[in-house]
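Biologist: Please take one part of this model and go through it closely. I would like to know what surrounds it and how it sits in the rest of the chain.

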Amino acid sequence: MTLPLSKTASTPAPDDYVLPNRLTRDHACRGPRFGDDVWDLGEFFPRTAASGRIDFLRFEAGLHRQTAKEFIYSRLRRRTGRTHGPMKPTSAPAQCTRLVSLFRDLREVGIRRLQDVEGTAA
């Protein structure tokens, strides 16, 4: 079943913090802000040496970069479906890399905007 899109979701303001309060409560800082082109989430990665940097400069300026930021921001804050909670910060860099590949693949077949993607029957 497809869930309806929320009509109330709005674009975050540039000064909005990326991470929800529940993840930053015991930290010295609140983390990156939505308007930053590089989000460093490393401080919020428990017990790992993995890089927590998300570099949105890898995306074309404009629509692709904004879409990537909104997607990652949304996934960090919202549930997906009935059984999946918000994405953990440790998953965000990999999701960003997938988006880079997706946008590249779409560009190769002449699609510049996600709304131009059409499904086909298998």
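Modeller: Two residues count as being in contact when they have heavy atoms within 4.5 Å of each other. The model is a predicted one.

Tyr 73 lies in helix α2. Setting aside the neighbours within four places in sequence, Tyr 73 is in contact with Pro 12, Asp 16, Tyr 17, Val 18, Phe 34 and Trp 39. The C-alpha atom of Tyr 73 is also separated by 7.7 Å from that of Leu 19, a residue 54 residues apart from Tyr 73 along the chain. The relative accessible area of Tyr 73 is 9%. Buried means under 20%, so Tyr 73 counts as buried.

For the chain as a whole, buried residues make up 27% of the 122 residues. Of the contacts with a separation of 6 or more, 43% are between residues 24 or more positions apart. The chain has 3 helices and 2 strands, and along the sequence these follow the pattern α-β-β-α-α.

Helix α2 covers residues 63-77 and helix α3 covers residues 92-108. The two pack at an angle of about 145 degrees, and their axes are 11 Å apart. The crossing of α2 past α3 is right-handed. On the α2 side the contact is made by His 64, Thr 67, Ala 68, Phe 71, Ile 72 and Leu 76. On the α3 side it is made by Ala 92, Gln 95, Cys 96, Leu 99, Phe 103 and Arg 107. Sorted by type, these residues divide into 8 nonpolar, 3 polar and 1 charged.

The length of α3 can be checked. At 1.5 Å a residue, its 17 residues should span 24 Å; the end C-alpha atoms of α3 are 25 Å apart, which agrees.

The buried residues of α3 are Ala 92, Pro 93, Cys 96, Leu 99, Val 100, Phe 103 and Leu 106. Viewed down the axis of α3, they fall within an arc of 145 degrees, so they line one face of the helix. These buried residues pack against α2 and also against strand β2, residues 53-55. The face of α3 turned away from the buried side carries Arg 98 and Glu 108, both exposed. After α3 comes Gly 110, with a positive phi near 85 degrees.

Notes: Residues numbered from 1 in each chain as written. Predicted model: local features only at pLDDT ≥ 70, side-chain atom pairs only at ≥ 80, totals over all residues. Heavy atoms only, no water. Axes fitted to C-alpha atoms, helices over the stretch in contact; angles between N-to-C directions. Helix = DSSP H or I, 4+ residues; strand = E, 2+ residues; numbered from the N terminus. Left-handed = near helix turned anticlockwise from the far one by under 90°. Nonpolar A, V, L, I, M, F, W, Y, C, P; charged D, E, K, R; others polar. Expected span 1.5 Å × (residues − 1). Buried < 20%, exposed > 50% of the residue type's maximum accessible area, 1.4 Å probe, protein only. Arc of directions from axis to C-beta.
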